[in-house]
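Take a minute to look over the fold below before reading on. We'll walk through it piece by piece.

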Amino acid sequence: MRLLIVEDDALIADGLVRAMRAAGHAVDHAPDGVTADDALRQYPYSLVILDLGLPKLDGIEVLKRLRQRDSSVPVLVLTARDALTDRIAGLDAGADDYLVKPFDLPEFEARVRALLRRRQTSIAGRIRIGDLIVDATGRSAYFGDIRVELSSREFGVLETLARRAGRVVSKDQLLEALTGWDEDVGTNAIEVYVHRLRRKLEPASVQIRTLRGLGYLIEKAGVDGA
Ligand code: CA
């Protein structure tokens, strides 16, 4: 796999490049936003690791341009501690996951593995995540032969998460997906639906992760290496 690491801190970049090469990946390093933007226009990467504070062109802008070109390459954003507004901006711009600096190398490697492994199989409206099948056409969900009994709102939340499996979905995005059915849905209700979904999906090999202040993410259980 070919990876792009966008990081202006030479020491951090060197560590990440070494780790990814040791893991058997081809790695390009861009020390600023303009170099990154150019590289992303030229090469089809499997993953981008993107620092946000960059010289010449900031990381959010690099990400926005990438998504404007309809690229679906996974992007792992590196942010400063407690830079929540950065993270929200990154989420809106199309980031797939976040790592707050300073981070441990094993944690970084686990996130990279998870992003590379995430493959959402979607066949004719059926989305498979682990052993869970979300049938958007039949508006039902199964694992094995077992049908999961869900209210229409619970299914709406599940479907929205499943369509972006492996990526963060904000509460606002979930609300948007539900407001067509019920104008009164509030963010607290989203928490209730997610709680119920977690309970009902417990026997399935999927997990709904909470990314504090950002939203939720559904994925195959155990893929984050935690
Ligand atoms: Ca930086």
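What follows is a tour of the sheet, the metal site and the nonpolar cores.

A word on the ground rules: this is a predicted model, so local features need pLDDT of at least 70 and side-chain atom pairs count only at pLDDT 80 or more, while totals for chains, interfaces and linings use all residues. Residues are numbered from 1 along each chain as its sequence is written, and side-chain values use heavy atoms, with hydrogens and water left out.

Let's begin with the sheet. Here 5 strands line up in the order 2-1-3-4-5 as an open sheet, and the pairing is parallel. Strands are DSSP runs of E with at least two residues, helices are runs of H or I with at least four, and both are numbered from the N terminus. Two strands pair if DSSP finds at least two bridges between them. Strand 2 (26-30) and strand 5 (97-100) sit at the edges with a single partner strand each, so one side of each has no neighbour in the sheet. On average, neighbouring strands are turned by 20 degrees against each other, direction ignored.

Now go strand by strand. Strand 1 and strand 2 are joined in the parallel sense by 5 bridges, and Leu3 stands opposite Val27 in strand 2. Strand 3 runs parallel to strand 4, with 4 bridges between them; Ile49 stands opposite Leu76 in strand 4. To get from strand 3 to strand 4 the chain passes through helix 3, and this β-α-β crossover is right-handed (with the strands pointing away from the viewer, the path from the first strand over the helix to the second runs clockwise).

How many residues of strand 4 are buried? The count is 5 of its 5 residues, where buried means under 20% relative accessible area, exposed means over 50%, and partly exposed is in between (1.4 Å probe, protein chains only). Val75, Val77 and Thr79 point one way, while Leu76 and Leu78 point the other.

Helix 1 lies across strand 1, strand 2, strand 3 and strand 4, running at about 165 degrees to strand 2. Helix 2 (residues 33-42) lies across strand 1, strand 2 and strand 3, at about 160 degrees to strand 1. Those angles run from 0 to 180 degrees between N-to-C directions, using axes fitted to C-alpha atoms, for helices over the stretch in contact (heavy atoms within 4.5 Å).

Next, the metal. Asp8 (OD), Asp51 (OD) and Gly53 (O) coordinate the calcium ion at 2.1 to 2.3 Å. Donors are N, O and S atoms within 2.8 Å of the metal (3.2 Å for Na, K and Ca), and water is not among the atoms, so sites may look incomplete. Along the chain, the donors follow the spacing D-x42-D-x1-G. Asp8 counts as partly exposed because its relative accessibility is 37%.

Finally, look inside. The largest nonpolar core has 30 residues, and Leu132 and Leu158 touch the most other members. Such a core is a set of buried Ala, Val, Leu, Ile, Met, Phe, Trp, Tyr and Cys residues joined through side-chain atoms within 4.5 Å. Among the residues that Leu158 touches, beyond those up to four places away in sequence, are Leu132, Val134 and Ile218. A second, separate core of 27 residues includes Tyr45, Val48, Val62 and Leu211.
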